[in-house]
Structures are given as structure tokens and as C-alpha cells.
Amino acid sequence: MNPPEPNTMALGEPAAVRPLAPRVAKADAHWRNRSNLAVGASVLAALTAPLFVQNFVVFQLTLVMIYGLAILGLNLLTGFNGQFSLGHSAFYGIGAYTAAIMMNQNIDYYWTLPCAGAVCFVVGFLFGLPALRLQGIYLALATFALAAAMPQILKFQPLEPLTGGVQGISLLKPDPPLGVPLNADQWLYYFTLAVLLLMLAGAASFVKSRSGRAIMAIRDHPIAAAAMGIDTALYKTLTFGLSALYTGVAGALGAIVIQFVGPDSFPFLLSVSFLVGLVVGGVGSIPGSLVGGVFVLFVPNLAERISTGLSGAIYGVILLIVIFAMPLGAAGFARWAATRLRFARNPATTGSVGRK
Amino acid sequence: MKKVTRRSILAAAPAALALAAIPARAAKNYGPGVSDTEIKIGNTGPYSGPASSYGTIPKSEAAYFRMVNDQGGVNGRKINFISYDDAYSPPKTVEQVRKLVEEDHVLLVMSPLGTPTNSAIWRYMNAKKVPQLFVATGATKWDDPKGHPWTMGWQPNYQSEGHTYAAYILQNKPGAKIAVLYQNDDFGKDYLKGVTDGLGDKANMIVLAAPYETTDPTVDSQIISMKAAGADVFVNTGIPKFAAQAIRKAAEIEWKPLQILASVGNSVGAALKPAGLQNAKGIVSDFYLKDPTDPQWKNDPGYQQWVAFMDKYYPEGDKSDSGNVTGPSLCATMVQVLKQCGDNLTRENVMQQAANLHHFRVPMLLPGIEINTSPTDFAPIKQLQMGRFDGQRWQLFGSLISGQAPS
């Protein structure tokens, strides 16, 4: 018979643990302050950045946020719920087309975001229903089918009056509201930033909520989660829908900022880019998704700058180096670096954590 | 309130700087990207991604401008050719072109490659009033001087090529049953429309029009169903990869129609060799460039110039790939426009001169083909010539055809 564990712990090490406890709590509070400070500084930097750089860079930073948001959607599904998807380019595309079609009917761009989110939630939820029976790579394959089908669905003849067929849809760039002393690019940046912060906060509180704990429990141990009374089927489909919603809103923002949607804009390769961003940023890390966005946008440019002819190969090499140096992504790397730093500053308090 | 003021001041600062810089430039009548010693020209192309076989076109363009610079540039100004990879992805094209216009401050963007990619920047270029000159795609929509006065095509457009095929069929095989293979996008549908329009009231001669997607692994099933439909004329408008597959498959299943191959897929190096030269014998196609593998040009001065250029400036380029002829020919047209501009190198004047080309000949265009444009005619090349593949090379026949719609 197994002896209950807490007892052995209590017998073996009380003397060592108890005196440390207050100091650990103090150090944690210190570090929580530090991380709050980091979040504050990032938000401040994000708020002021467009005032100091050219419009083109503002546009790029906007795209980074949009890709980050799309990756966040994938992260909710893969990182927190353990389901794989190669089909998020499809949800991104559906979101983008929803926005483009609505804007073509002279509906204001900001109304397109909730609609794109709602449409993608429904599509994601419905797709999640049959997909529930599939696990791991089989689910990945089913979602791959969705991504592969999307460009062709968008070209589908009967839908042409809506989608513009192969020609796609060109959009006008929205102007800032009257009286706001910003140009169109800066305005879209702040608009995207506001949406992003809102959705980041939403994701963070969702993950911390009962539902968030439920989906993580399903990821870690589905049978145990079911035994605890979690409706695994419902939560998995809801997560699928929520994930699609996030990516769809990103797609809508993307359409507004790029001012063009076409079937060739949403190839399967985009799904792979999201997956790369997810892994590079850190699976299961909300801020990591933004790092993923940075990677997706800037690393191909960097590779091209090194050698135009070999850009693909150089991209591959950079990706290998990144994965080798940061096997847990940027978020894992940051956690590791923080513990190292903490250990170096104050080895006594956190000795056992700092070694790994 | 205070914060807003500070922001607006900060936001205004770069604009004020730019304003301060303008008077100095305006005195010499230079647009962005031009100085006494340099003209900046931007470009995007598929160095990676699904269409990377066309990546050699911008590479040969860069090589051509190196040669121009070695020879002293254009009116004493060196060409600074800035070319970025867009991987044939429209969102990436938008990003790269915005970089060219807003960060690199190019005078103009020359021959961005691809139809979806050019569509994505079409509105931006015309809103920003930056010349989008000689786009490397034959879609018919680029010839729209009224609606899009800052965009101009270059090669004969796909619809006019389609008209040419229809005319050829009507003349040589009036009772034919036609099958058309086309790419399921603007480019492919342009060809299909050209053939259909060209047949006029005989459009029912087309028994099967089969689309393919660029993501398809093969076009085998399309070819099999064409044979099954009893077609005896095959109009193959695929890009090299699919054109080659189609020719090979037709030979495999012993389907022997009269084959008409569109100019996008008629490169000996990129399409016919992979298809098997013996399978390509008898195929008919249309041309506006000198085929570099054709020995009849051996002593042609234009061809010799081109070979000398390739050997010196682009030795790693494949001399049987017609993309390496397209690039330098585009550049030659561009250089002519810049020459005509003289010292008035504004974006407005560039467009004016681009719409003011008369009887301009490019060394690697077929003899007799002239480039003509006007403020109402944004289609520089309109003439074509037919040719037949004899198992080794293309043999031209007939006279120059003006690929206009039969009206």
C-alpha cells in the first residue's frame, strides 16, 4: 500500500521548509512586481512607439500584433487545451473575408471585428464537434483538410459575387475619427493595440478561470478531468470555437490593415507560420504569442537580407538555432533566464529552483 | 490634453523635416529616390515560395542594371535596384512594396511579379501615386489608363494571346473539339476568356475547359478527362510545371491532339525538357521574345549582346530559361523611359514618358515587334508570332499577328 505522501513530507523536512516560507513569498512578491513592471513598460513602449517611427514600421508593428493575436488563438487551443490544428489559416481567412465583405457593403470597419469573431466562433464550434472524436495528429490532419480547402472554397464560382472570386477584394483604408491627430497607419496601430490588449486580458482571465483550469485539466489528463465532473466534450468544442474566434478577429484586422483579401493570401503555409510562431513564442504562454508574431513577420525579412537566393534555407537555419537555443520557446527561455537571475542574486532562497 | 499636444508635435516633426528637404529637390525637378548620381528603383519577386521558378526574372533584372551602371548609368545616374522577396504572397507584397515606397523612398516600382501580388498593391500604388510600371504579368486588367493611371503592363496580355489561338484554330481546324487547361485564377481565366471571345459564335467548339489549382500535385485527371471527351485540339495554358505534366501525360495515354501551348509555358528549359522533347514535337505556341535556345538567332546582334551580358553579369543564370530574356527586356524598356525623362525625374513625368513610347525596339523582342504606348494605351507589347516545336527548338512561321480582339 502507498503511504500518503504529505505525511512523509511533513515528517522528513519540516525544519528545512518552514523557516524559508516567508522569504520565498517575499521574493515571489518582488518578482511579481518586477513582471508587472515589465508589462507596464511594454504597454508604455507600445503606446509611444508609433510616434517615433515611420509609417511603414508602424504598419509592420501592427502586423506583428495581428499575427500575435492569431497565434494567441492557436495557443488557446494547442497550448492550453492540447489539441492540434493545422487549419488556423482557414479561420484567419474566414475572419478576413467576413471583414472585407462587410466593408464592401459600406459597413464601418469596427463592426466587422465582432462579426468576424462570431462567424469564426460558430464555424470553429461546428468544426470542433466532429473533430472531437479525433486526437493528436488525426485532428491535425482533419484541420489540415480545412486549410487546404479554404483557397478553393474562396474561389468557388457561386460565391463569387460575395468573395470576388480569384480577384479578391480591395479595401479602402479607414481614416482616423475626426479630431484625432494621427494618420491612418497610426490610427490602425492604436485600434489594433486596443483590440489586442482587450483580447489579451480576456485570454489571461479565461485561462485563470474555472473554465481555463478545466481545459488545462483536459490537456493534462482527460480521464481524470472527466472523473472530476468536467464535460470534456463541451469544453473541447468551446475551446475550438474560442480559438477560432481569436484567430478570426486577427484575420479581420489583417484585412483592414493590408487592404486586400484574396484566396492566395491564406494558403496552408500560413497555418504552418502560425504553428512556428506558437512554438517559437512558447506553447502555453500568452505573451509568448506576441514573440511568435515578431518571429513570423521579421525573420523571413532577416533571412532575405542575409541572402536573397537562399532565404528559405536561412530561415530554416534560424529556426533550428532558435529551437535548439530555446527548446521551450521564448516564454520558456524567459522563465529560465529569470530563475537564473534570481539564483545569482539570492542563491539561498531559491537554490533548488535555480539549478535546472 | 497636454499629452495629445505633445504627441501631435512629435508626429508632425518628421513631416516638417520632409518639408524642409523638398525645396532643394524641387529646384532640380527630382522625385523621391533621385539624386544627381542615383535613381532608386524598387521591385518584388518570388525568390521563395510556390512560384520561385520565376525568381530568375528579378535576378536577371538586377544583373542588367549592374551592366547599365558599369556603362555609366542613365544620363549619368546609377540605377539602385532594390528587390525584395514576396514569396508570391499578396500580404507580403503589400509589406515589401510599402517598405520600398515609404522606407527606401524609391522613385517607382518596376515589374512586381504575379497577378494576385500586383492586385494587392494596385490600389495602394494608385492612391500613393507611385508608378507601378511594366508589371510582370499578362493580366488584361493592367491596361486601364483611366481607372489606374499609375499602373502599366508590358507583355502581350493573356486575352489577346487567347484571341490568337482561337484565330489559329478557326483557320487550321475549323471543325475541332477543343479542350482547354487553365489555372483557376485571373491569369488562367483571362486565357479562357480570350479563347472563348476569339471563337465568337463558335464558342461551343470548346468541349471541356478544365481548371487546375497551383497547389494540385498533378493535372493527370484533367488530361484523362480531355481525352475521354474526345477533344482533338488541346489548348494548354499552364505555367511551366503543369504545362510539362500535361504534355507528358498526354503522350503517356497516347492522346494526340493538336496542342497549342500558351507563352507562359513555352520555355524549352523550364517546360519542354521536363516534359520530354520527343513528346513536345508538333506543339504550336506564340512568341514575342527571341527564344534563346533557337539557333536561328546565333548571328543576331541582339542575341549576341544578350549572351555577352549573361556571360559577364549573370553567368549562373540558365541561358535556356526565357525568364532571363524577359527580365533584361523589361529593363531595356525601363531604361528607355528614364532616358526620355532626362533631368525631369518626377513620378508624374515617369508616367508621362512611359505612356509616350514610340516604335521602341528591344534587342531580344522578335524582329519587327515595336513597343508603342500613349496616354490611352497602356499595353506596350501587342504583337505576336506563332511557332512550332520540331523536337529540338521552336520554328517560327507566318507573320506578326496583332493580338487584338476580332471586332
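Visitor: What share of the 407 residues in chain B is buried?
Guide: The model is a predicted one. A residue counts as buried if 20 or more other C-beta atoms lie within 10 Å of its own. In chain B, which has 407 residues, the buried share is 52%.

Visitor: How does the radius of gyration of chain B stand against the globule rule?
Guide: Chain B has twelve helices and eleven strands. For 407 residues the globule rule gives 22 Å, and chain B is close to that, so it is as compact as a globular protein of that length. Its C-alpha trace spans about 75 × 55 × 40 Å along the principal axes. The radius of gyration of chain B is 23 Å.

Visitor: Is B:L338 buried or exposed?
Guide: B:L338 lies in helix α11 (residues 323-341) of chain B. Beyond its neighbours within four places in sequence, B:L338 is in contact with B:I39 and B:V74. The cut-off for burial is 20 or more C-beta atoms within 10 Å. Because B:L338 has 24 C-beta neighbours inside 10 Å, it counts as buried.

Visitor: How far apart in space are B:L338 and B:G55?
Guide: In sequence, B:L338 and B:G55 are separated by 283 residues. From C-alpha to C-alpha, the distance between B:L338 and B:G55 is 24 Å.

Visitor: Which strands stand at the edges of the open sheet of four strands in chain B?
Guide: The strands of this sheet follow the order β2-β1-β3-β4, and their pairing is parallel. A strand with a single partner has one side left without a neighbour in the sheet, so the edges are held by β2 (78-85) and β4 (132-133) of chain B.

Visitor: Which helix packs on that sheet, touching β1 and β2 of chain B?
Guide: The touched strands are β1 (38-45) and β2 of chain B. The direction of the helix makes about 165° with that of β2(B). The helix is α2 (residues 56-70) of chain B.

Visitor: At what angle do the axes of helices α3 and α4 of chain B cross?
Guide: Helix α3 (residues 90-103) and helix α4 (residues 115-128) of chain B have axes that come within 8 Å. The crossing of α3(B) past α4(B) is right-handed. Residues making the contact include B:V94 and B:V97 of α3(B) and B:A120 and B:I121 of α4(B). The axes cross at roughly 35°.

Visitor: Which residues cover the two faces of strand β7 of chain B?
Guide: In a regular strand the side chains alternate between the two faces of the sheet. Strand β7 (residues 233-236) of chain B is covered on both faces, and the four residues named here are all buried. On one side are B:V233 and B:V235, and on the other B:F234 and B:N236.

Visitor: Which residue of β8(B) stands opposite B:F234?
Guide: β7(B) pairs in the parallel sense over four bridges with strand β5 (residues 178-183) of chain B, where B:A179 stands opposite B:F234. β7(B) also pairs in the parallel sense with strand β8 (residues 258-261) of chain B, over four bridges. In β8(B), the residue opposite B:F234 is B:Q259.

Visitor: Which residue takes a positive phi in the hairpin of β10(B) and β11(B)?
Guide: Strand β10 (residues 383-389) of chain B has six of its seven residues buried. Six bridges join β10(B) to strand β11 (residues 394-402) of chain B, and the two run antiparallel. Four residues lie between the strands of this hairpin, and the one with a positive phi, near 100°, is B:G391.

Visitor: Which helix gives the most to the side of chain A that touches chain B?
Guide: In this pairing, 26 residues of chain A are in contact with 29 residues of chain B. Helices α4 (55-78), α7 (136-155) and α15 (311-325) of chain A each supply at least two residues of the side of chain A that touches chain B. With five residues, the helix that gives the most is α4(A).

Note on methods:
Residues numbered from 1 in each chain as written. Chains lettered and ligands numbered in written order. Predicted model: local features only at pLDDT ≥ 70, side-chain atom pairs only at ≥ 80, totals over all residues. Contact = placed C-beta atoms within 7 Å. Axes fitted to C-alpha atoms, helices over the stretch in contact; angles between N-to-C directions. Left-handed = near helix turned anticlockwise from the far one by under 90°. Buried ≥ 20, exposed ≤ 12 C-beta atoms within 10 Å, placed from the backbone. Pairing = 2+ DSSP bridges. Rg over C-alpha atoms; globule rule 2.2 N^0.38 Å.
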